[in-house]
Each structure stands twice: as C-alpha cells, then as structure tokens.
Amino acid sequence: MTTATTRSAERRISPVFLGILAVTAVTGWATWTGFAEQPGVAVFLFVTAAWIVSLCLHEYAHARTALHSGDISIGAKGYLTLNPLKYTHALLSVVLPVLFVIMGGIGLPGGAVFIERARIRGRWRHSLISAAGPLTNVLFAVVCTAPFWLDALDGVPADFRFALAFLALLQVSAAILNFLPVPGLDGYGVIEPWLSYGVKRQVEPFAPFGLLFVFALLWVPSVNGMFFDLVDSVLRGLGIGDFETYCGQSLYRFWEDTNEYCAISR
C-alpha cells in the first residue's frame with residue numbers, strides 16, 4: 001500500500017507545472033481576445049509560459065522513455081511530475097533558455113534529467129531516450145504551426161497568430177540545435193551508443209563545453225545566417241512566413257518600439 005502510494009505521488013503532476021499551464025491559458029486567452037491593455041505584455045507572458053511548458057515536456061519525454069527502458073529510479077527523482085524545480089540543473093533547463101528567448105529569440109536546448117544509463121540495455125533504447133526530448137519540440141512545433149499549414153487562420157486574431165509563429169520559431173530552433181551531433185546535446189546522445197569505446201573516451205572531456213561551442217559558432221555572422229536560414233526554411237515549409245515570426249518577436253519584445261508594419265496589420 002505504501003509503495004503504491006509512493007509511486008502515485010512520484011507521478012502526480014506538480015502544482016508548479018499546473019500553475020505555469022494556467023498562466024499559458026490565461027495569457028493566451030488575453031492575447032486572443034485583446035483583453036490586455038498592452039498586447040505585448042500578454043504575448044510576452046503567453047510565449048514565455050508556453051516555452052517553459054515545452055521545456056518541461058522535453059525533460060518529461062526523456063524521463064518517461066528512460067523509465068520504460070529500465071531506469072526505475074526516474075520516479076523517485078521527481079522527473080515524472082513535470083516540476084521544473086526537480087531537474088538536476090534547473091538553471092540550465094529553465095532559466096537560461098528563457099533568458100536566451102528574451103535576449104535573442106532563440107530556442108536554447110535544455111537538458112537536465114539524470115538518467116542512470118547502466119540500468120538500460122540496448123543501444124536503440126539509449127538512442128531513443130536522447131531523441132525523445134527534441135522530438136517533443138518537433139511535435140510542439142507541429143501543433144503551433146497547424147493553423148498555418150491547415151489554412152485555418154480565418155478568425156484568428158493577428159496578435160495570437162504572431163505569437164504562435166514566434167513560439168514555433170523557438171521550437172524549431174530548439175529541435176535543430178538539440179539534434180546537432182555535438183557532445184552534450186541530444187543529437188550526440190542519439191549516436192553515442194553506436195560509437196566505439198575509444199571514440200567515446202576521446203570525446204568525453206569535451207561534453208561539458210559542447211553547448212558553449214555551438215553558441216560561440218552562432219556568434220559568427222555567416223554561421224548565424226545559415227542557421228536562421230534553415231529555421232526559416234522549415235517554418236516556410238510549415239506555412240509560416242518571415243513576416244509572422246518577425247512581428248511575433250517584435251510583439252514579444254514589448255519594451256521596444258513595435259514595428260509600424262506589424263502594428264498596421266493587426
């Protein structure tokens with residue numbers, strides 16, 4: 001009885017996550033209806049809260065896949081509650097990604113669930129655990145872009161449309177970055193089980209610096225341009241143009257002057 005109760009508590013959705021979900025719903029409604037006096041504030045809160053929700057789901061996907069692959073310690077660590085405060089590095093998983101969205105409008109990969117890999121057997125399972133997180137971002141991007149590629153935008157307010165477009169940009173950029181085969185990122189985690197022991201030993205010391213290396217490269221104008229060209233190409237394939245994402249980011253950064261072209265189109 002005690003074991004059953006404990007397991008139930010380990011999988012109960014956290015009030016913290018429910019609170020973030022509530023903020024997403026309320027600010028999404030305010031963005032849709034135009035209830036807020038300053039639409040930019042509503043868009044900022046809506047996109048930020050929705051982004052945190054996606055980060056929680058990203059980590060949950062890693063944890064849930066690991067649980068079904070053999071790591072039964074996942075529940076006791078609180079990863080199945082969707083509580084971002086339970087992550088081993090909440091700073092890396094939540095705070096820094098949100099700061100990067102605010103500063104640069106890019107989906108910074110998270111990654112802070114500690115998985116006991118020794119409990120898991122089979123290279124495919126290890127690869128699937130690593131892929132589960134960014135695949136969640138892909139799914140989130142599909143949901144955000146659905147009104148665009150389904151041509152279901154009739155009646156959708158411009159502010160809400162712009163917010164969805166910017167949120168989709170964050171999801172697509174996060175998925176692409178996460179799938180890069182760079183040590184420390186999920187993409188490397190997908191291929192790592194298939195590498196030789198010698199290669200893994202040589203790469204291991206660089207794992208803590210992989211993400212820093214990627215973002216250092218993104219400071220190079222030519223690399224940055226190529227990256228966002230790829231992101232824009234994916235978004236265009238999903239029915240979202242540069243105008244929607246630009247206006248979405250413009251609204252999100254409400255403390256700056258809103259572009260007059262975006263204001264006219266609303």
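# Salt bridges and a pocket

Q: At 26% relative accessibility, does Glu116 count as buried or partly exposed?
A: The model is predicted. The relative accessibility of Glu116 is 26%. Buried requires a value under 20% and exposed a value over 50%, so Glu116 counts as partly exposed.

Q: Which residue forms a salt bridge with Arg119?
A: Side chains of opposite charge can pair when their charged atoms come close. A salt bridge requires a nitrogen of Lys or Arg within 4 Å of a carboxyl oxygen of Asp or Glu. For Arg119, the closest N and O atoms of the pair are 2.6 Å apart. Arg119 is partly exposed, with a relative accessible area of 38%, and its partner in this salt bridge is Glu116.

Q: How far apart are the closest N and O atoms in the salt bridge of Asp242 with Arg236?
A: Asp242 counts as partly exposed at 40% relative accessibility. Arg236 is likewise partly exposed, with a relative accessible area of 45%. The closest N and O atoms of this salt bridge lie apart by 3.4 Å.

Q: How many salt bridges does the structure hold?
A: Among them are the pair of Arg119 with Glu116 and the pair of Asp242 with Arg236. The pair of Arg253 with Glu256 is another. The number of salt bridges that the structure holds is five.

Q: Which helix gives the most to the lining of the second largest pocket?
A: The second largest pocket has a volume of about 240 Å³. Helices H4 (90-104), H9 (210-218) and H10 (221-237) each give two or more residues to the lining. With three residues, the helix that gives the most is H4.

Q: How many residues in the lining of the second largest pocket are nonpolar?
A: The lining includes Phe100, Met103, Ile106, Trp219 and Phe228. The lining has two polar residues and no charged ones, and its count of nonpolar residues is seven.

Technical notes. Residues numbered from 1 in each chain as written. Predicted model: local features only at pLDDT ≥ 70, side-chain atom pairs only at ≥ 80, totals over all residues. Heavy atoms only, no water. 1 Å grid on protein atoms, 1.4 Å probe; cavity = no way out; pocket = protein on both sides within 12 Å on 5 of 7 lines; lining within 4 Å. Points joined across faces, edges and corners; volume = space filled by probe spheres on them. Helix = DSSP H or I, 4+ residues; strand = E, 2+ residues; numbered from the N terminus. Nonpolar A, V, L, I, M, F, W, Y, C, P; charged D, E, K, R; others polar. Salt bridge = Lys/Arg side-chain N within 4 Å of Asp/Glu carboxyl O. Buried < 20%, exposed > 50% of the residue type's maximum accessible area, 1.4 Å probe, protein only.
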